[in-house]
Amino acid sequence: MKKILVTRKLLRSCEEKAQGIFKATFNLNDELYSQKKLIEMSKGCDGILSALTDKLDANTINQLPDSIKIISNFAVGFGNIDLEAAKKRGITVTNTPDVLTDATAEIGVLLILGACRRASEGIEKAREGGWVWSADLLIGKQLTGTRLGILGMGRIGQKIAKVAKSLGMIIHYHNRSKLSEEKEQGAVYHKTLKDLLSVSDVLSICCPASKETIDMINKDTIEYLPKGAVVTNVARGDIVEDEAMIDALNRRKVYAVGLDVYKNEPNLNTGYLKHPSAFILPHLGSATKETRTAMANLAVDNLEEFFNTGNCKNKVN
Ligand code: DGY
C-alpha cells in the first residue's frame, strides 16, 4: 500500500476514501505546516496531497525525500508549487480542474455584484441600524448594459460570461488565443490586454498566476481602464499590484474592487481592509460542500491513477 501525507484536513468522507486506498497520514488539527515540518512529515511517504496554503518552493521541494514521486494539489491553481523544481526531481504535480468551475464562477459573479452594488457599505449600514430609505442611498452601478471584460477565458471565465450575459452585460475577453465561436457565445475577443482593459467597465480577472501574469494589473495597465471601472479578482492575488490598485481606488480611477484572492494570503494589504469600496472575501471560490468533496476526491483519484499507471491526466508539469 502506498503511503501519502495529507497536509490539510479534508471533509470526512474524502479522508475515508483516501484511507481505503492508501496508508494516509492526516492533519487532525488542520495545523498549517511550516516548510520544515512538511519535509519532516513526508519522510517515508510516496506522495503528498497538498493544499494551496503549502508553499512548495524550490528550496522545499529540493529537501523532500527521494521517495516522494507525486504532489497532488487540492486546487486548480498550482502557483504554490515550483513546477520546474518538481520536474527536475522527477516529481509529478497534479491539480483538480473542472470540478470547481461552477462554484468559483458563482463567487466571481458575487464579486461583480458586490462591488458594483456597494454590498460592503450596504451590509455595514444595515447592521449599524438607523438608516432611512432615500432616493440616493448607496447608489451603485447597474450591470445591465455594462461591458464586462474577462481576463482569461478558461472554464471559469466562460461560466462567469454566461451568467453575466444573462444579467444583460456585454462580454469582452482577452486570452492567449481566440476561442471557437461556440465557446465565445457572442463575446468579443481582444488580442491585447490594453484593448480589453480599455472597454472594461467591469473587469473580471480569471487567468492563472504565472510568470507572464504576475502584476499584470499594475500602475500602468490600470490607466487603460475607463474612469470609474470596477475590478474583480477570483483567480490569484499575485496578478494585481496592490499599492497601484489602492491608489486607483483612492483617486476614483477605480470605482470599486471585488476580491476573493490576495497576495500573501491571509495577510492582505491593509489598504483594502479600510476601503469602503472594497468588497472582500476570504478566498471562498470553491467553498461549497459539493465542490470541496469533488476536489478532494479528484486529488485522491489523481494519486491513485499515478501510482497505478505512472502517469495522470491532470499532470501539470
Ligand atoms: C483553486 O482551486 O485554485 C481555488 O482557488 C481554491 O479555492
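Axes, as used here for helix packing, are lines fitted to C-alpha atoms over the stretch of each helix in contact, and the angles between N-to-C directions run from 0 to 180 degrees. In this predicted model, helix α1 (residues 12–21) and helix α13 (residues 289–309) pack with their axes 9 Å apart and at an angle of about 10 degrees.

**Packing of α1 against α13**

- Because angles under 35 degrees count as roughly parallel, the angle of about 10 degrees makes α1 roughly parallel to α13.
- On the α1 side the contact is made by Ser13, Cys14, Lys17, Ala18 and Ile21, and these residues meet Thr293, Ala296, Asn297, Val300, Asp301 and Glu304 of α13.
- The handedness of the crossing between α1 and α13 is right-handed.

**Packing of α5 against α7**

- Helix α5 (residues 101–116) and helix α7 (residues 155–166) have axes 9 Å apart, and the angle at which they pack is about 55 degrees, which makes α5 oblique to α7.
- The residues of α5 that make the contact are Thr101, Asp102, Thr104, Ala105, Gly108, Val109 and Ile112, while α7 contributes Arg155, Ile156, Lys159, Ile160 and Val163.
- Where α5 passes α7, the crossing is right-handed.

**Asparagine 218 in a loop**

- Asparagine 218 is found in the loop that runs between strand β9 (202–205) and helix α10 (219–222).
- The relative accessibility of asparagine 218 is 17%, and because the cut-off for buried is under 20%, this residue counts as buried.
- A polar atom of the asparagine 218 side chain lies 2.9 Å from the backbone oxygen of aspartate 215.
- When neighbours within four places in sequence are left aside, the contacts of asparagine 218 are with Glu241 and Ala244.

**Alanine 164 in α7**

- Alanine 164 is found in helix α7, and with a relative accessible area of 3% this alanine is buried.
- Leaving aside neighbours within four places in sequence, alanine 164 is in contact with Leu148, Met169 and Ile171.
- Between alanine 164 and threonine 309, which are 145 residues apart along the chain, the separation of the C-alpha atoms is 41 Å.

**Glutamate 243 in α11**

- Glutamate 243 is found in helix α11 (residues 242–250), and this glutamate is exposed, with a relative accessible area of 58%.
- From glutamate 243 to aspartate 201 the distance is 21 Å, C-alpha to C-alpha, and the two are 42 residues apart in sequence.

Key:
Residues are numbered from 1 along each chain as its sequence is written. This is a predicted model: local features need pLDDT of at least 70, side-chain atom pairs count only at pLDDT 80 or more; totals for chains, interfaces and linings use all residues. Side-chain values use heavy atoms; hydrogens and water are left out. Helices (H or I, at least four residues) and strands (E, at least two) are DSSP runs, numbered from the N terminus. Buried means under 20% relative accessible area, exposed over 50%, partly exposed in between (1.4 Å probe, protein chains only). A polar contact is a pair of N or O atoms within 3.5 Å; within protein, one must be able to donate a hydrogen and the other to accept it, and residues adjacent in sequence count only if both atoms are side-chain atoms. Contact means heavy atoms within 4.5 Å. Angles under 35 degrees count as roughly parallel, over 145 as roughly antiparallel, 65 to 115 as roughly perpendicular and the rest as oblique. A crossing is left-handed if the near helix is turned anticlockwise from the far one by less than a right angle, and right-handed if clockwise.
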